[in-house]
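This report goes through selected helices, strands and aromatic pairs of one structure. The sequence and the model are shown below.

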Amino acid sequence: MRRLVTAGAVLLAMAGLAPAAAAAPDIKAELQKIPGLTITSEDPAPAGYRFFKLTYTQPADHRHPGAGTFQQRFTLLHRDFTAPTVAYTSGYNVSGSPNRSEPTQIVDGNQLSMEYRYFTPSRPEPENWAKQLTIWQAAADEHRAVQAFKAIYPGKWLATGGSKGGMTATYFRRFFPDDVDATIPYVAPNDVIDPVDVYNRFLSRVGNDPACRDALKAIQRDALKRRDELGAIAAADAAQRGLAFSIVGSADKSLEISVIDSYFAFWQYQTQADCATVPKAGAPAAEVYAWYEKVESLNTYSDQDLAPYIPYYYQAAVQLGSPEAYDGYLRDLLRYPGADQPKTFVPSSIRLPRFDYPAMPDIDFWVKSRGSRLLFVYGSNDPWGAEPFELGFGSRDSYRYYVQGGNHGSKIAQLPASEAAAATATIRRWAGLPAASALTARSAPAGFPEFDADLTLAERPPL
């Protein structure tokens, strides 16, 4: 039969005719064939794309598939069945907008974006945090989804994510190394339990201007000395917004932790140029409060602001780890020493199991000994990069780049041109594509908003 078809095509060509091209399948019809997948809506997308909001039935516990299920939210940005596909997660909620992550832009591919389990509404009922909310369970979620979507997209697959999403992409690759062809984690912390707190050492030297570090410390001390004055402004704001502070214990405790965190948060989201905005000690209270609203709101740890991120704090308290508070120079002014740790931000109704000490060293060792086709991107001024993933004796075809002066939003487009070109060529090679010119900050695709840009302080995840 194959020979007859070929011969027929030749005869048609000789007659000046061409066989009719097979019609491409409809993506919506193909999605409806995936068991457990539901299309909740198809929303507008830039020309050449289709954008779907989806839910996918997942086991609440992948080790015991019969112990209930839950609906996990996904989105799909579809371009072409033959294009590479990027599995993206922020490690938190899934965005409802048809954005393209940087790797998706580089390979001009499809993007399957997932919500991390336990971030509402992707939460099993009844809840069993200790068994259901682990890095392996989340990796198994991504594994099932990727395997299901390979029925539609049989080409190359990449995994990516930023911050906690970068960690998630790395863990997914460690547990299911053959699911995707390569992994591109951005600004992903690697908190291997270290006898010396590398975060504090990093924070004591971050940036290239000691005067900036001194100014940040001075405004912290000033704020704690004037906590009643600033607390009154924060209380008025909290009353207007209907905020409560039952999880951390009090508005005053929230204020103190926010002041401690502001030094870290400044370097996480601001730049060296923003050092000029730091108020001087003794500045009017309204000016100081406004600066904290930009950097680390003094009401950051209200119940309402904590609620969306409780699954993160839970994981930080039981598996991921977290930096030690950088507060030695504030100790004489603290009323709640030791409060700045993940368990403070988890409601008492949620039981915290014993910390899983082998979890992060296991990931770290895998990256160094068996990791392949990994490309890490960090910002040199980002405190979350103080303990980065290290490539080791067994790492193969893997790379790590630093944006000089970069913060927690660092990306390949911000690298020097030669490095951006090399990183871009590597990702395209992994995706089975020819090399192309590097992305630049000015080359955002037409019709798409800048990815994850302009988050308000309330929308910024803690990691």
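## Helix H9

Helix H9 covers residues 227–241; at 1.5 Å a residue its 15 residues should span 21 Å, and its end C-alpha atoms are 20 Å apart, which agrees. The expected span is 1.5 Å times one less than the number of residues. Helices (H or I, at least four residues) and strands (E, at least two) are DSSP runs, numbered from the N terminus. The model is predicted: local features need pLDDT of at least 70 and side-chain atom pairs count only at pLDDT 80 or more, while totals for chains, interfaces and linings use all residues. Residues are numbered from 1 along each chain as its sequence is written, and side-chain values use heavy atoms, with hydrogens and water left out.

Arg227, Leu230, Ala234, Asp237 and Ala238 of H9 are buried. Seen down the axis of H9, these buried residues fall within an arc of 100°, so they line one face of the helix. The arc is taken from the directions from the helix axis to the C-beta atoms. Buried means under 20% relative accessible area, exposed over 50%, and partly exposed in between (1.4 Å probe, protein chains only). An α-helix has 3.6 residues a turn, so residues three or four places apart point the same way.

The face of H9 turned away from the buried side carries exposed Asp228, Ala239 and Gln240. The buried residues of H9 pack against helices H8 (210–225), H10 (251–269) and H11 (285–295), where contact means heavy atoms within 4.5 Å. Gly242 follows H9 and has a positive phi, near 70°.

## Helix H13

In helix H13 (residues 310–320), 11 of the 11 residues are buried, so the helix is largely enclosed by the rest of the structure. Among these buried residues are Ile310, Pro311, Gln315 and Leu320. They pack against helices H4 (129–132), H5 (135–149), H6 (164–175), H12 (303–306) and H14 (359–369). Just after H13, Gly321 takes a positive phi of about 80°.

## Strand S6

Strand S6 (residues 157–162) has 5 of its 6 residues buried, so S6 is largely enclosed by the rest of the structure. S6 pairs in the parallel sense with strand S4 (residues 85–89) over 4 bridges, and with strand S7 (residues 182–186) over 5 bridges, also parallel. Two strands pair if DSSP finds at least two bridges between them. Ala159 in S6 is the bridge partner of Ala87, and Ala159 also stands opposite Thr183 in S7. From S6 the chain crosses through H6 to S7 in a right-handed β-α-β crossover. Right-handed means that, with the strands pointing away from the viewer, the path from the first strand over the helix to the second runs clockwise.

## Aromatic pairs

Rings of Phe, Tyr and Trp (its six-membered ring) pair if their centres lie within 6.5 Å; planes under 30 degrees apart count as stacked, over 60 as edge-to-face and the rest as tilted. By this rule the count comes to 26 aromatic pairs. Two of them are tabulated here.

| Pair | Centre distance | Plane angle | Class |
|---|---|---|---|
| Tyr56 and Phe74 | 6.2 Å | 85° | edge-to-face |
| Tyr313 and Phe345 | 4.8 Å | 55° | tilted |

Tyr313 in H13 and Phe345 in the loop between H13 and H14 are 32 residues apart, so this pair links distant parts of the chain. Tyr313 counts as buried at 9% relative accessibility, as does Phe345 at 3%. Tyr56 and Phe74 are both buried. Tyr313 and Phe345 belong to one aromatic cluster that also includes Tyr92, Tyr116, Phe119, Tyr301, Tyr309 and Tyr312.
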